[in-house]
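Please look over the sequence and the structure shown below, and keep both in view while reading.

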Amino acid sequence: MSGLAGFGVDLFAGARARRRSRIHDRRIHDRRILYVDDELLMRLAVARLLRGAGAVCIGTGTHDQAVVLLAFEPALDLAILDFEMPDGDVGRLVRRLRWQRPALPVVGTSAGDRRSEFAARGVDRFLPKPWALDDLIRVADWSEVPSS
């Protein structure tokens, strides 16, 4: 077992991750979030982060999938959209989402500062990558625990 230590293997990482996943953030617990990003690893990481906080993450890798999911998902609290997607301009997706759900809050996310580009496409909330749960809560304005 000591031979593994040289490779930086943490034998208890899985147990710690499971324990952390049981600790829910009440500000985000039970919220339903649509996450649109063409990078599978990003979708998986965000889904794990949100699940660990007690939220439901519905991830998709294309604009068309996002629109279809929105049609069949009765309640969403937020949509998070990546800026650079291979299947078109995020502005078109924003228009399509707003047509289906005018009141759905939308947050733009990107590794570069695309705040002004998102704003030009009708998205006034921006979350720079990489982001943490507290960043999302702040940008989504979820400082209070939702009423039941």
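Predicted model: local features only at pLDDT ≥ 70, side-chain atom pairs only at ≥ 80, totals over all residues.

The axes of α4, which spans residues 63-72, and of α5, which spans residues 90-100, come within 10 Å and cross at roughly 10 degrees. Because angles under 35 degrees count as roughly parallel, α4 is described as roughly parallel to α5. On the α4 side the residues that meet the other helix are H63, D64, A66, V67, L70 and A71, while α5 contributes V90, L93, R96, L97 and Q100. Sorted by class, this contact of α4 with α5 holds seven nonpolar, two polar and two charged residues.

The strands come next. Five of them form an open sheet in the order β2-β1-β3-β4-β5, and their pairing is parallel. At the edges of this sheet stand β2 (56-60) and β5 (125-128), each of which pairs on one side only. From one strand to the next, the twist of the sheet averages 25 degrees. Strand β1, residues 32-36, runs parallel to strand β3, residues 78-82, and four bridges join the two; within this pairing, L34 has A79 in β3 as its bridge partner. Two helices can now be placed against the sheet. Helix α3, residues 40-52, packs on the sheet and touches β1 and β2, with a direction that makes about 170 degrees with that of β2. Helix α4 also packs on the sheet, touching β1 and β2, and its direction makes about 140 degrees with that of β2.

On its way through the sheet, the reader next meets β4. Four bridges join β3 to β4, and these two strands run parallel; D82 stands opposite T109 in β4. How many of the residues of β4 are buried? Strand β4, residues 106-110, is mostly covered, with five of its five residues buried. In a regular strand the side chains alternate between the two faces of the sheet. In β4, V106, G108 and S110 point one way and V107 and T109 point the other way, and all of them are buried.

A loop residue deserves a separate look. M85 has its place in the loop between β3 and α5, and M85 is buried, because its relative accessible area is 9% and buried means under 20%. Leaving aside its neighbours within four places in sequence, M85 is in contact with V36, D37, D38, G61, T62 and H63. The C-alpha atoms of M85 and G61 are separated by 8.4 Å, although these residues lie 24 residues apart along the chain.

Of the 148 residues in the chain, 39% are buried. Among contacts between residues at least 6 apart in sequence, 68% join residues at least 24 apart.

Technical notes:
Residues numbered from 1 in each chain as written. Heavy atoms only, no water. Axes fitted to C-alpha atoms, helices over the stretch in contact; angles between N-to-C directions. Parallel < 35°, antiparallel > 145°, perpendicular 65-115°, else oblique. Contact = heavy atoms within 4.5 Å. Nonpolar A, V, L, I, M, F, W, Y, C, P; charged D, E, K, R; others polar. Pairing = 2+ DSSP bridges. Buried < 20%, exposed > 50% of the residue type's maximum accessible area, 1.4 Å probe, protein only.
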